Amino acid sequence: MIHLGTQYYRPPFPNGRYWEDDIKQMADSGLDTIQLWVVWAWVEAKPDEFHFDDYDRLVALADKHGLNVVLSTIAAIHPYWIHRMVPGSEMVDNFGHRVVSSNRGEVHFGLTPGGCFDHPGVWERMKQFLTATVTHYHTVGNLLGWDAWNELRWNVQADGLVCYCDYTVNRYRSWLEAKYGGLEGLNASWQRRYTSWDDVRPGKAPDRPYTEMMAFQDFIAWRSVQHAYDRYGAMKAIDAQHPVTVHGAQPTVLHGSDSYPHATALHRGNDWGFSDRIDGIGTSSFPLWGGIEMDRAQFINRIDYSASARQGKRLWLSELQGGRSNIGFSVAQSVDAASQQSWVWTGISAGADTILFWCWRDEVFGRESTGFGLAGNDGLTPERLAAMRKTGAVLRAHGELLRAYEPAPAQVGILFSPQADYLYWSQDGTALTPLRALQGYARALVRQAIPYRIVEENHLDELTGLKLLILPRTVVMDAPLAEALAAFVQRGGVLFCESEVGAFDSAGLYRYPEDRALVGATGIREVGRRLLEGDTVTLVLDGQVYDVPAAQWLTPLVEVGQGEAESVLLKEAVLGNGRILFCGTYLGDAYLKANATHADAFEAFLLALSTRAGVMRPAVVAGVTPPGGDFVHVRFGAAPGVNGARALRPLAFVFAPDPGMSVTLRFQPATFGARVTELLSGRQIAVAEADGGQEVTVGPTEWGIAVLVGD
Ligand SMILES: [Zn+2]
């Protein structure tokens, strides 16, 4: 079963007089799950006294109306007594100032950021709250699972870079000691002459030496993953049965945009690290957030980033926008049913098994007042709830099939390098540039119906099955990564590398072009940085000319021993059964700013790159009526036979930009039988045999969405 639910209670709101009618209406609207925020400060307002009476009533009401419950443990909102009971537990910022905690902007009662969880007294108290909560609820019949860490928040309103308290700095030194096998190992890697660990300080700010700033960011990301494990371990020790998940405010990849002075890159950890151990990961998504609205490709990419990191674990859309995103004294765009349903079904198509809206009623306090209610006052509640009833019915009717479904494995990968993020952030105070590079490729691939996944640099078994791996601004490379990439190519893979690939090591030290790992294997090197005139370059691939957008600089390529006169901007080397292509500039982020002509050229270049690497597109758009408009998104996959049937059942999720559009899709030969069923309408559609494949025509549809299932 795919679960469809909504966040409801962030104490003390909504007021208890609404509860029963609201919960009944949720059940009548096709939802099957309610989420409650169990806030530490609220539950344990007095030390060692836990009060769950309001939650008990909500859980019972949910049960009465047939709803499951997800409990979100909000351990980042500390009780007001935390510093009284645990003296000296304040966080310390990068200027050595003790952080003054205060009420959180979006939580009515409690302290943030509160104490540092590296202080054993703080963690002991936090663990006691988690333990008390899980002990109280783990035997409840309608408990669906736990959201153990909301948006991975720990440093909100610290108002500066944290944490530099003695506990955290000592933990940082222990982490370095374990990583480098002692001070001598650290000195060897960092090329320094430390004589005492006391002198090894975390990086303080951007635009200083990269070495310790990169190391400290890596440590902070690791520490967030460890903290998630600690919460997970405390909860699983009592409740081994229910899934325990954590979710980010956004997928890890997008945290590259987090900026000084508030956060380092990846300060909230790493989804791949979470899914190494935890039962599931998730992300919040507010696609119509005023001023930073996501277009269709951006939303699809966002879900792809999370799905890429799940490693077979659960994927939750843990906070999906319910109603309009009013912030402060603003009025944002209302949330229409068709857009909202496209988010829901995009999540399901990517493998999500639980979708929770934020939230049911409009908020009533602070900057979020008047916003976000799925059943709120933005004028579109009737159409949203009618649509949700319909989706809820489809999920109930086909729950087993949709739960068993898995997207087809991608053959194209985009490398995500946390180390590159740390390096850029160490210079710029943000890793937005490598993030934009990655986003460019992801966007173009979605628009060209080429399935892809993000491959994180520490999880390289995920290279298996890939034919093409793109390295956008992968400017940092240590030997293990270089060796794994070379092995991938030896086995027959194709690498596409942007400028200055592996130009730095993870100690932040620059390598001359001839000293980089891939040069020895390929005999191709860069001549050095040259000025980029204009914002395009001409690349020649297999005799075809592409005028593609370019950014920042040129690093022309030569064979070792050649002079600059013989340099080109795209150069290929054969290595074993595969190939490495070097590109002497940056295309991905340039594409995001390009005009339509050059953007089209980049997409054509990427399609050619994929095709010549042997990448297969499971479904392509053969035609649309009326012509024009935004791209059609198709996600293809299969469900293993259910009810004892053995065969794989093919599924295709189709997202047209306009419900009135009719779309003809071409699938690979023998994908389907003679007909498919469209799940949302229940209609049967004939499958036509066509040149080089099978064609299915869908639409018009109610929301621009069709879910095709083969027999
Ligand atoms: Zn600390």
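**A walk through helices, zinc and loops**

Begin at helix α10, which passes helix α11 in a right-handed crossing (the near helix is turned clockwise from the far one by less than a right angle). This is a predicted model: local features need pLDDT of at least 70 and side-chain atom pairs 80 or more, while totals for chains, interfaces and linings use all residues. Residues are numbered from 1 along each chain as its sequence is written, and side-chain values use heavy atoms, without hydrogens or water.

**Stop 1: α10 and α11**

Select residues 296–308 for α10 and 337–349 for α11. Helices are DSSP runs of H or I with at least four residues, strands are E runs of at least two, and both are numbered from the N terminus. The two axes come within 10 Å and cross at roughly 35 degrees. Axes are lines fitted to C-alpha atoms over the stretch in contact, and angles run from 0 to 180 degrees between N-to-C directions.

Now show side chains. F299, I300 and I303 of α10 meet W343, T346 and G347 of α11 (contact: heavy atoms within 4.5 Å). This contact has four nonpolar residues, two polar and no charged. Ala, Val, Leu, Ile, Met, Phe, Trp, Tyr, Cys and Pro count as nonpolar; Asp, Glu, Lys and Arg as charged; the others, Gly among them, as polar.

**Stop 2: α11 and α12**

The crossing of α11 and α12 is right-handed.

Which residues make the contact? From α11, pick A337, Q340, Q341, V344, W345 and I348. From α12, pick E383, R384, A387, M388, T391, V394 and L395. In this contact, eight residues are nonpolar, three are polar and two are charged.

**Stop 3: α8 and α14**

Select 210–236 for α8 and 418–428 for α14. Here the axes come within 9 Å and cross at roughly 130 degrees. α8 passes α14 in a right-handed crossing.

On the α8 side, find Y210, M213, M214, Q217, D218 and A221. Facing them in α14 are Q419, Y422, L423, W425, S426 and Q427. The contact of α8 with α14 holds seven nonpolar, four polar and one charged residues.

**Stop 4: the zinc ion**

Centre on the zinc ion. What coordinates it? Look for the SG atoms of C116, C163 and C165, plus OG1 of T168, at 2.1 to 2.3 Å. Donors are N, O and S atoms within 2.8 Å of the metal (3.2 Å for Na, K and Ca).

The angles among the four donor atoms are 94 to 122 degrees, and the site is tetrahedral (four donors, all angles between 85 and 135 degrees). Along the sequence, the donor residues follow the spacing C-x46-C-x1-C-x2-T.

**Stop 5**

Go to P12, in the loop between β1 (3–9) and α1 (19–28). The peptide bond from P11 to P12 is cis, with omega near 5 degrees.

Next, select P700, in the loop between β29 (693–698) and β30 (705–710). A cis peptide bond joins G699 to P700, with omega about -5 degrees.

Finish at Q552, in the loop between β18 (544–549) and β19 (557–559). Is its phi positive or negative? Phi of Q552 is positive, near 80 degrees, in a residue other than glycine.

Note on methods: Tetrahedral: all angles 85-135°; square planar, octahedral: opposite > 155°, others 65-115°.
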